[in-house]
Amino acid sequence: MKYASPGKIDSAVTLGLHDSQIATPRITPSIALPYEAIDLRLAAMSGLSVPEFLAQVLHLALPGRPETWEGQGLSGDALTSMVASMKTLFSGTTNDPIPAKIVADGPVASLTARFLKLYRPSLEIDASHSWTSWRDLLAQPVTQLIQPQARYLEWPF
């Protein structure tokens, strides 16, 4: 994770996420999310918001990513299990602990953490920002929070 603050990200059980403008996050290690560098138009064309895209990248990059699901005892169909086994063999095994808690600073980091929790339900979230609907996100001055086609979605958090 090249945007991380000093510290060993892979071995963190509590991990910080913060918007790139925040100079001093609440905890370290913390990953600075460079949301301004992501083209909002391209994310919208793919049907994702910027925080949802960042959550998917983090889900795949952090320990406990989908290839290790089989080792955690999650069941699936035979094909999924075989693909997970092959990915695990080729990527090697890791003994790094899976993050159990995310501390998010900033609106984009907070929404990213909430999307990450959808992918990892056991994850504990401590977010600096909270909303009750998609309409609340529209009131924020950060355009990267806009979720494409949100009017068709139930509030997921």
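This is a predicted model: local features need pLDDT of at least 70, side-chain atom pairs count only at pLDDT 80 or more; totals for chains, interfaces and linings use all residues.
Visitor: How far apart are the ring centres of Trp134 and Trp155, and at what angle are their planes?

Guide: The centres are 4.8 Å apart and the planes stand at 75°, so this pair is edge-to-face. Trp134 is in helix 5, which covers residues 134-138, and Trp155 is in the segment after helix 5. The two are 21 residues apart, and the pair links distant parts of the chain.

Visitor: Is Trp134 buried or exposed?

Guide: Relative accessible area decides this, and buried means under 20%. Trp134 has 11% relative accessibility, so Trp134 counts as buried. Trp155, at 22%, counts as partly exposed.

Visitor: Which residues do the ring pairs link into a cluster?

Guide: The cluster is made of Phe115, Trp134 and Trp155.

Visitor: Next, charged side chains. How many salt bridges does the structure hold?

Guide: There are four salt bridges. In one of them, the side chains of Arg26 and Asp126 meet at 3.4 Å, N to O. Arg26 sits in the loop between strand 1 (14-19) and strand 2 (30-33), while Asp126 belongs to strand 4 (residues 124-127). This pair links distant parts of the chain, 100 residues apart.

Visitor: How do Arg26 and Asp126 count by accessibility?

Guide: Arg26, at 45% relative accessibility, counts as partly exposed. Asp126 is also partly exposed, with a relative accessible area of 28%. Arg26 and Asp126 are linked with Asp105 in a network of salt bridges.

Visitor: Which parts does the salt bridge of Lys101 and Glu124 tie together?

Guide: The side chains of Lys101 and Glu124 meet at 4.0 Å, N to O. Lys101 lies in strand 3 (residues 101-105) and Glu124 in strand 4, so the pair ties together parts 23 residues apart in sequence. Lys101 is partly exposed, with a relative accessible area of 24%, and Glu124 is partly exposed at 46%.

Visitor: What is the N to O distance between Arg41 and Asp39?

Guide: Their side chains meet in a salt bridge at 3.0 Å. Arg41 has a relative accessible area of 61% and is exposed. Asp39, at 28%, counts as partly exposed.

Visitor: Now the nonpolar side chains. Which residues of the largest nonpolar core touch the most other members?

Guide: The core has 27 residues, and those with the most contacts to other members are Leu17, Leu33, Leu54, Leu58, Ile102 and Leu145. At least two residues of this core come from each of strand 1, strand 2, helix 2 (50-61), strand 3, helix 4 (107-119) and helix 5. Helix 4 gives the most, with six residues.

Visitor: What does Leu17 touch?

Guide: Leaving aside residues up to four places away in sequence, the contacts of Leu17 include Leu33, Leu58, Ile102 and Ala113.

Visitor: Where is Thr24 placed?

Guide: Thr24 is in the loop between strand 1 and strand 2. Thr24 is exposed, with a relative accessible area of 67%.

Note on methods
Residues are numbered from 1 along each chain as its sequence is written. Side-chain values use heavy atoms; hydrogens and water are left out. Rings of Phe, Tyr and Trp (its six-membered ring) pair if their centres lie within 6.5 Å; planes under 30 degrees apart count as stacked, over 60 as edge-to-face and the rest as tilted. Helices (H or I, at least four residues) and strands (E, at least two) are DSSP runs, numbered from the N terminus. Buried means under 20% relative accessible area, exposed over 50%, partly exposed in between (1.4 Å probe, protein chains only). A nonpolar core is a set of buried Ala, Val, Leu, Ile, Met, Phe, Trp, Tyr and Cys residues joined through side-chain atoms within 4.5 Å. Contact means heavy atoms within 4.5 Å.
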